[in-house]
Amino acid sequence: MMSKLIKDGAIVANEWQLLDKPESASAAVPAGKVIVHLSVWLEQKDTLISRSDIGVWLDNVDTADLLGSDAQQLPLVAVNFPVFMDGRGFTAARLLRERYGFEGELRAIGNFIRDQLCYLKRCGVNAFACSDEINMEAALASLNDFSESYQVAIDTPLPLFRRRA
Amino acid sequence: MYLYDKFDHKILAERVAQFRDQTERFLTGELKPEEFLPLRLQNGLYVQRLAPMLRVNVPYGMVNAPQLRKLAHVARKYDKGYVHISTRQNVQFNWPNLSEVPDILAELAEVEMHATQSSGNCIRNTTSDQFAGIALDESIDPRPYCEIIRQWSSFHPEFAFLPRKFKIAVTGASDDRAAVQVHDIGLQMQRNAAGEIGFRVLVGGGLGRTPVIGSMIREFLPEQDLLSYLDAVLRVYNQLGNRLNKYKARIKILVRAITPAVFAEKVEAEWMHLKDSAAKLTQAEIDRARGFFTEPAYESLDGTAAQASLNALTADNKAFGKWLERNVIEHSKAGYAAITLSLKPTGVAPGDVTDVQLEAIADLAEQFSFGEARTTHQQNIVLGDVKKSDLFTLWQACKKYGFATPNIDTLTDLICCPGGDFCSLANAKSLPIADDIQRAFSDMDYVYDLGDIDLNISGCMNACGHHHVGHIGIIGVDKKGEEFYQVQLGGNAGTNTSLGKVIGPSFRREEVTGVIQKVLDIYLENRTEEELFIDTYRRLGMAPYKARIYPKAEEAK
Ligand code: SF4
């Protein structure tokens with residue numbers, strides 16, 4: 001799981017352990033760099049906040065406002081794609097960046113496909129925990145499928161109409 | 001018309017390259033069919049009953065002569081020599097080879113055309129009024145705003161995997177020819193008391209399995225806020241739309257579930273964050289977009305004299321007069337007219353047009369209409385800027401190429417989806433029904449006497465043939481594996497949009513024209529002098545139609 005990682009345009013080792021969503025949000029959180037589900041964070045944030053090795057993941061049904069500006073205190077937030085056709089994570093990622101001021105590692109996890117990387121990047125995702133099926137070199141290259149774009153996005157603070165000339 | 005600059009060309013070229021790679025990976029087995037599916041859909045490619053179908057966008061219906069010639073070339077080189085005009089103003093190729101689609105897209109990109117997001121769960125081609133910019137009842141030309149929306153929606157990174165497809169329509173006229181009330185978002189352009197331009201925003205309209213008329217969520221959206229507000233609507237929908245049941249995934253279901261008022265509140269709350277961001281349109285951009293839709297080099301003509309000579313011609317030529325009456329409308333410029341080329345002659349699938357005809361339209365457009373044409377959601381083609389003094393010559397040319405059928409807005413100008421002959425979702429064939437009706441009602445004097453009637457046919461409840469908003473709507477249904485047809489009455493697509501109601505149990509194909517005849521009989525027997533078909537229906541209600549069509553059921557009561 002999460003054997004391969006693209007981060008900031010390079011292939012790097014993954015140092016974080018992703019923890020499943022536990023039945024009880026008060027389940028003990030192990031030591032080390034771990035990514036806990038949002039429910040665990042919300043339940044235990046008073047104690048978890050003192051740790052610098054806690055990341056939080058949002059599932060497809062978890063909207064970004066549930067984590068809100070707590071994100072600013074975290075080194076890593078992950079957005080899960082249980083199925084690649086479910087595009088809620090694109091909005092969650094973008095809101096974390098532009099509304100909730102998250103500047104740490106924003107990681108896509110789950111079953112997204114390589115052909116979504118360039119849009120995910122535009123929505124502020126800078127790390128991709130790729131499934132084993134994804135060819136990493138090709139995935140890296142696909143981040144640059146488009147060198148120009150029309151809209152405002154995290155990677156393009158000004159829309160094309162403000163840059164056109 | 002909008003012309004691409006280096007940015008538009010670059011973005012589109014990169015898209016074609018991306019899809020070429022995706023197609024190759026699919027063909028070598030690297031990309032799974034289920035992964036390729038949304039990617040090919042977002043590049044216009046369906047897999048149909050017999051072959052793939054490629055849907056090419058005609059943004060808000062505007063097409064120029066080089067584009068028409070390119071479509072003809074593609075039809076000849078990669079397909080069977082004809083295309084189909086869809087009910088959303090687009091062009092469909094029915095028989096391309098999947099492996100050649102990247103080449104087709106590359107050829108289309110040369111003339112600034114694309115199939116971007118013409119299918120799939122994303123923001124589709126924005127549609128508009130086929131008489132935009134020339135209609136007498138128009139206050140603001142919607143096309144510059146449609147182009148702004150086209151660019152914003154193309155490759156929008158956040159909204160490429162929505163719960164379901166998403167369609168936007170814009171009109172700037174008082175008579176709604178863009179069916180804005182049955183779109184996911186309908187925008188009606190208007191000026192406020194201060195004379196500023198903006199949009200009345202409707203949301204959650206749609207046809208399909210659950211037809212709904214859109215709800216107004218904002219009375220006046222200033223023009224510079226167009227994109228930030230659209231972002232807000234889409235963002236609310238992307239987060240809250242139903243993703244578990246595809247039949248409940250359209251925005252209309254969400255709007256109904258949480259109520260339009262609550263939906264509007266959520267949009268406003270989201271929009272407050274976005275309103276003054278960089279997404280706010282600049283006056284420079286609005287002016288730039290408008291600059292592409294200025295008036296062509298009209299001559300200043302004497303409108304009265306032009307009309308007088310037309311009248312003289314019609315005195316000796318009844319057929320020309322009929323064509324003028326049905327296929328020609330007044331233009332906002334004196335001495336000019338807009339003409340509709342009918343793609344509904346009997347014996348041809350409604351909306352089908354051959355390579356030779358496409359080239360003829362290109363020639364006619366260049367000769368008579370500043371090189372531009374428009375596709376319509378009624379599946380015809382319009383030449384928008386023809387001098388009245390050219391109409392007689394143009395009519396003769398139209399006859400030669402088969403476009404002169406003088407039936408626009410009549411019973412035989414029917415809207416019809418491709419249905420079971422092509423579409424894998426169909427319950428029943430729709431084209432043979434269209435053909436039956438056109439043949440049964442071939443007496444044009446009878447048809448003219450009926451006046452304006454919209455008859456719309458869909459092969460299934462997906463409603464691509466807009467049967468809910470036909471004055472008469474026909475929909476294919478499956479009864480234990482057999483093809484049957486339900487008939488509806490009372491729909492309307494225009495300003496007073498209404499949704500049709502089913503008359504009663506469905507019919508076999510051979511019964512349908514007889515049923516239509518009875519419906520028309522009731523109208524002819526009951527109409528007052530000024531009533532159109534829809535007016536009489538609205539006055540009488542369903543009962544007399546029902547009684548005539550199902551007499552036994554009535555007796556049994
Ligand atoms: S209405 Fe049904 S049959 Fe007709 S084109 Fe649409 S999906 Fe196919």
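Asp103(B) forms a salt bridge with Arg20(B), the closest N and O atoms being 2.8 Å apart; a salt bridge is here a side-chain nitrogen of Lys or Arg within 4 Å of a carboxyl oxygen of Asp or Glu. Asp103(B) lies in helix 4 (residues 101-110) of chain B and Arg20(B) in helix 1 of chain B, so the pair ties together parts that are 83 residues apart in sequence. Helices (H or I, at least four residues) and strands (E, at least two) are DSSP runs, numbered from the N terminus. Asp103(B) counts as partly exposed, at 30% relative accessibility, and Arg20(B) is likewise partly exposed, at 30%. In these terms, buried means under 20% relative accessible area, exposed means over 50%, and partly exposed lies in between, with a 1.4 Å probe and protein chains only.

The model is predicted: local features need pLDDT of at least 70 and side-chain atom pairs count only at pLDDT 80 or more, whereas totals for chains, interfaces and linings use all residues. Residues are numbered from 1 along each chain as its sequence is written, chains are lettered from A and ligands numbered from 1 in the order in which they are written, and side-chain values use heavy atoms, with hydrogens and water left out.

The side chains of Arg114(A) and Asp21(B) meet in a salt bridge, at 2.9 Å from N to O. Arg114(A) lies in the loop between strand 7 (105-110) and helix 3 (117-122) of chain A, while Asp21(B) belongs to helix 1 (residues 6-27) of chain B, so this pair joins two chains. Arg114(A) is buried, with a relative accessible area of 11%, whereas Asp21(B) is partly exposed at 29%. Side chains of opposite charge can pair when their charged atoms come close.

Another salt bridge is found between Lys387(B) and Glu299(B), with 2.7 Å from N to O. This pair links distant parts of the chain, 88 residues apart: Lys387(B) is in strand 15 (residues 381-387) of chain B, and Glu299(B) is in the loop between helix 9 (283-290) and helix 10 (303-316) of chain B. Glu299(B) is partly exposed, with a relative accessible area of 39%. Elsewhere, salt bridges that share partners join Arg94(A), Glu98(A), Arg99(A), Glu158(B), Arg235(B) and Glu270(B) into one network. Over all chains, a search of the whole structure finds 57 salt bridges.

A residue of the interior of chain B may be considered next. Tyr229(B) is found in helix 6 (residues 226-240) of chain B and counts as buried, at 1% relative accessibility. Leaving aside residues up to four places away in sequence, Tyr229(B) touches Val201(B), Ile217(B), Arg218(B), Leu221(B), Val267(B), Glu268(B) and Trp271(B), where contact means heavy atoms within 4.5 Å. Tyr229(B) and Leu455(B), by comparison, are 226 residues apart in sequence and 36 Å apart in space, C-alpha to C-alpha.

The overall architecture of chain B comprises 19 helices and 20 strands. Its radius of gyration is 23 Å, close to the 24 Å that the globule rule gives for 557 residues, so chain B is as compact as a globular protein of that length; the radius is taken over C-alpha atoms, and the rule is 2.2 Å times the number of residues to the power 0.38. The C-alpha trace of chain B spans about 65 × 60 × 55 Å along its principal axes. Of the 557 residues of chain B, 63% count as buried. Among contacts in chain B between residues at least 6 apart in sequence, 68% join residues at least 24 apart.

Chain A contains five helices and eight strands, which run β-β-β-β-α-β-β-α-β-α-β-α-α from the N terminus on. With 165 residues, a compact globule would have a radius of gyration near 15 Å, and the 16 Å of chain A agrees with this. Along its principal axes, the C-alpha trace of chain A spans about 55 × 35 × 25 Å. Of the 165 residues of chain A, 56% count as buried. Residues 24 or more positions apart account for 51% of the contacts in chain A with a separation of 6 or more.
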